[in-house]
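Here is a protein to explore step by step.

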Amino acid sequence: MNPILIVEDEPKIAELLEKYLQNSGYETHWINDGLAVSDWMANNQPAMVLLDLMLPGKDGLEICKEIRQHSNIPVIMLTARVEEIDRLLGLELGADDYICKPFSPREVTARVKAVLRRTQPSPQADTSQQTSSPEESSRQLNLNRDHLTISLKGQNINLTRVEFELLEVLHSHPGRIYSRQQLMEHVYPDNRIVSDRTIDSHIKKLRKKINELDPEQELIHSVYSVGYKFEG
Ligand code: CA
């Protein structure tokens, strides 16, 4: 596999990232200056970019935008402040995930693996003849907008309109983190004033319903102080 590009100006953090990822079997390439990224990218195709936000030369925001202009390479943004993630989400940079420093080795490798799994379809999934057994398809979550129902493992359950729309938007981009603000805007397009807690309470009920269909897997995950994401 191609190397994972680490763009990080703090050598200690870069070393840690390289160590974690290499221990997990990935190759890495480290760049410490924002200005050097586009030259390297012109000649190399990394499997993924781990991109620090605050960098000398050119910051992570600008680099992310530039990458998105010409490629879909997965990008994970690294930031030192969890509050920053909310702002980044609002900018819709097209980053695939966000990691807040300080991070644990396990967290970084888990996120890298999850993003690669999501963004690199397996060879079988690529073929047009995608056949899944009835057993497999019943394990997947199906949404029925007309009836506001979902089915999983052969069982149906009714949702309220708000629950359905929350699930629908999260489900449409597995792994993507949605802030409460984004979810609110989606569910209440009339800009009605509702509190963050409203979203939390709908999500809570939604999770409870999904849990009745399948107690074994958690489909809606909360991302600490940021929002929610769907991951099957
Ligand atoms: Ca930095």
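Which residues does Leu21 touch, not counting residues up to four places away in sequence? Keep in mind that this is a predicted model. The residues that Leu21 touches are Ile4, Ile6, Tyr26, Thr28, Leu50, Val108, Thr109 and Val112. Leu21 itself lies in helix α1, and it counts as buried because its relative accessibility is 0%. Val108 is 87 residues away from Leu21 along the chain, yet their C-alpha atoms are separated by 8.2 Å.

**The sheet and its helices**

Now look for the open sheet. Its five strands come in the order β2-β1-β3-β4-β5, and the pairing is parallel. β2 (28-31) and β5 (97-100) form the edges; each has a single partner strand, so one side of each has no neighbour in the sheet. On average, neighbouring strands here are turned by 20° against each other, direction ignored.

Helix α1 (residues 11-23) lies across β1, β2, β3 and β4 (75-79), and runs at about 170° to β2.

**A second pair of strands**

Elsewhere, β7 (residues 149-152) and β8 (residues 155-158) run antiparallel, joined by four bridges. Leu152 stands opposite Gln155 in β8. The hairpin of β7 and β8 has two residues between the strands, and in it Lys153 takes a positive phi near 50°.

| Helix | Residues | Number of residues | Span between end C-alpha atoms | Expected span |
|---|---|---|---|---|
| α10 | 196-213 | 18 residues | 26 Å | 26 Å |

In α5, the buried residues are Val108, Thr109, Arg111, Val112, Ala114, Val115 and Leu116. Among the elements that cover them are β1, α1, β3, β4 and β5.

Which residues of α10 are buried? They are Ile199, Asp200, His202, Ile203, Leu206, Ile210 and Leu213. Viewed down the axis of α10, these buried residues fall within an arc of 165°, so they line one face of the helix. The buried residues of α10 pack against β7, β8, α8 (161-172), α9 (180-187), β10 (220-223) and β11 (227-230). On the other side of α10, Arg197, Lys204, Lys208 and Glu212 are exposed.

**The calcium ion**

Which protein donors does the calcium ion have? They are Asp9 (OD), Asp52 (OD) and Met54 (O), which lie 2.1 to 2.3 Å from the ion. Along the chain, the donors follow the spacing D-x42-D-x1-M.

Are Asp52 and Met54 buried or exposed? Asp52 counts as buried because its relative accessibility is 3%, whereas Met54, at 64% relative accessibility, counts as exposed.

Methods. Residues numbered from 1 in each chain as written. Predicted model: local features only at pLDDT ≥ 70, side-chain atom pairs only at ≥ 80, totals over all residues. Heavy atoms only, no water. Pairing = 2+ DSSP bridges. Donors = N, O, S within 2.8 Å, 3.2 Å for Na, K, Ca; no water. Buried < 20%, exposed > 50% of the residue type's maximum accessible area, 1.4 Å probe, protein only. Axes fitted to C-alpha atoms, helices over the stretch in contact; angles between N-to-C directions. Contact = heavy atoms within 4.5 Å. Expected span 1.5 Å × (residues − 1). Arc of directions from axis to C-beta.
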